[in-house]
Amino acid sequence: PTPELIEMHLKHLVRENYIVIQKAVGNYCGMVDFFVAGNFDWGCSSIHQFNDNLEHTWHGRKDFKVTHVHQVEMITLEKFIDENPHITQIDYLHCDTQGNDLNVLMGFGRHIGKLAKGVIEVYAKNPLYKNINNSLENATAFLESNSFRITQLFPNDNYGNEVNILFERI
């Protein structure tokens with residue numbers, strides 16, 4: 001929901017079958033602070049604040065600095081699907097919500113069965129953000145308890161701090 005990114009990169013893509021919705025996605029509905037990092041072009045802006053001492057666990061990264069904060073509306077996928085009843089199945093979800101991916105899945109609520117497969121990003125060690133539940137262990141437990149199996153894990157950074165989890169419905 002970074003306004004600058006929407007203006008620069010997404011607004012011109014709007015078509016009948018491509019809609020930009022400037023909201024955060026999570027496991028509850030409401031207004032949240034959105035921490036914009038860098039010059040709004042780096043992919044680490046989040047509803048979560050950066051952890052302390054990242055220079056020791058994420059060597060060489062200089063983009064973990066918040067430049068400004070603004071309020072955004074957060075919605076659950078359960079509410080979004082309720083408001084869009086023509087959505088009967090989601091074939092593939094690619095989720096990279098900067099420390100919030102597990103909450104996005106939890107936010108499916110009673111519609112979790114409509115999701116066939118996807119990929120989420122979680123931390124394996126040294127979380128980038130403070131006070132998040134987005135760990136590999138928690139995500140694995142959630143996926144397994146909701147009838148998904150993990151088909152592949154692969155690291156998302158040179159230090160093994162984050163991994164992508166590919167999953168599919170059993």
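A residue counts as partly exposed when its relative accessible area falls between the buried class, under 20%, and the exposed class, over 50%. In this predicted model, S147 has a relative accessible area of 38% and is therefore partly exposed. S147 sits in the loop between helix 5 and strand 6, and its phi is near 65 degrees, which is a positive value in a residue other than glycine.

Most residues other than glycine have a negative phi. N126 likewise has a positive phi, of about 50 degrees, although N126 is not a glycine. The loop that holds N126 runs between strand 5 and helix 5, and N126 counts as partly exposed because its relative accessibility is 30%.

Four strands form an open sheet of mixed pairing, and their order is 4-5-7-6. Its edges are strand 4 (93-94) and strand 6 (148-155), each of which pairs on one side only. Strand 5 and strand 7 run antiparallel and are joined by seven bridges; within this part of the sheet, Y123 stands opposite E162 in strand 7.

When its neighbours within four places in sequence are left aside, N164 is in contact with V119, I120, E121, Q152, L153, F154 and N156.

## The nonpolar cores

The largest nonpolar core has 21 residues, of which L105, F108, L115, I120, L143 and F167 touch the most other members. Two or more residues of this core come from each of helix 3 (77-83), helix 4 (101-106), strand 5 (117-123), helix 5 (136-145) and strand 7. Another core, of nine residues, lies apart from it and includes F50, F64, Y129 and I132.

The contacts of F108 can be followed one by one: not counting residues up to four places away in sequence, F108 touches L77, E78, I81, I90, L93 and L115.

Rolling a probe the size of a water molecule over the atoms shows where empty space is left. How many cavities of 30 Å³ or more does the count give here? The count comes to one cavity, and the largest cavity has a volume of about 40 Å³.

The lining of the largest cavity consists of Q98, G99, V122, Y123, P127, L128, Y129, I132, N134 and E162. Sorted by class, this lining has six nonpolar, three polar and one charged residues. Y123 and E162, both part of the lining, are also the residues that stand opposite each other in the sheet.

How values were computed: Residues numbered from 1 in each chain as written. Predicted model: local features only at pLDDT ≥ 70, side-chain atom pairs only at ≥ 80, totals over all residues. Heavy atoms only, no water. 1 Å grid on protein atoms, 1.4 Å probe; cavity = no way out; pocket = protein on both sides within 12 Å on 5 of 7 lines; lining within 4 Å. Points joined across faces, edges and corners; volume = space filled by probe spheres on them. Nonpolar A, V, L, I, M, F, W, Y, C, P; charged D, E, K, R; others polar. Contact = heavy atoms within 4.5 Å. Core = buried A, V, L, I, M, F, W, Y, C linked by side-chain atoms within 4.5 Å. Buried < 20%, exposed > 50% of the residue type's maximum accessible area, 1.4 Å probe, protein only. Pairing = 2+ DSSP bridges.
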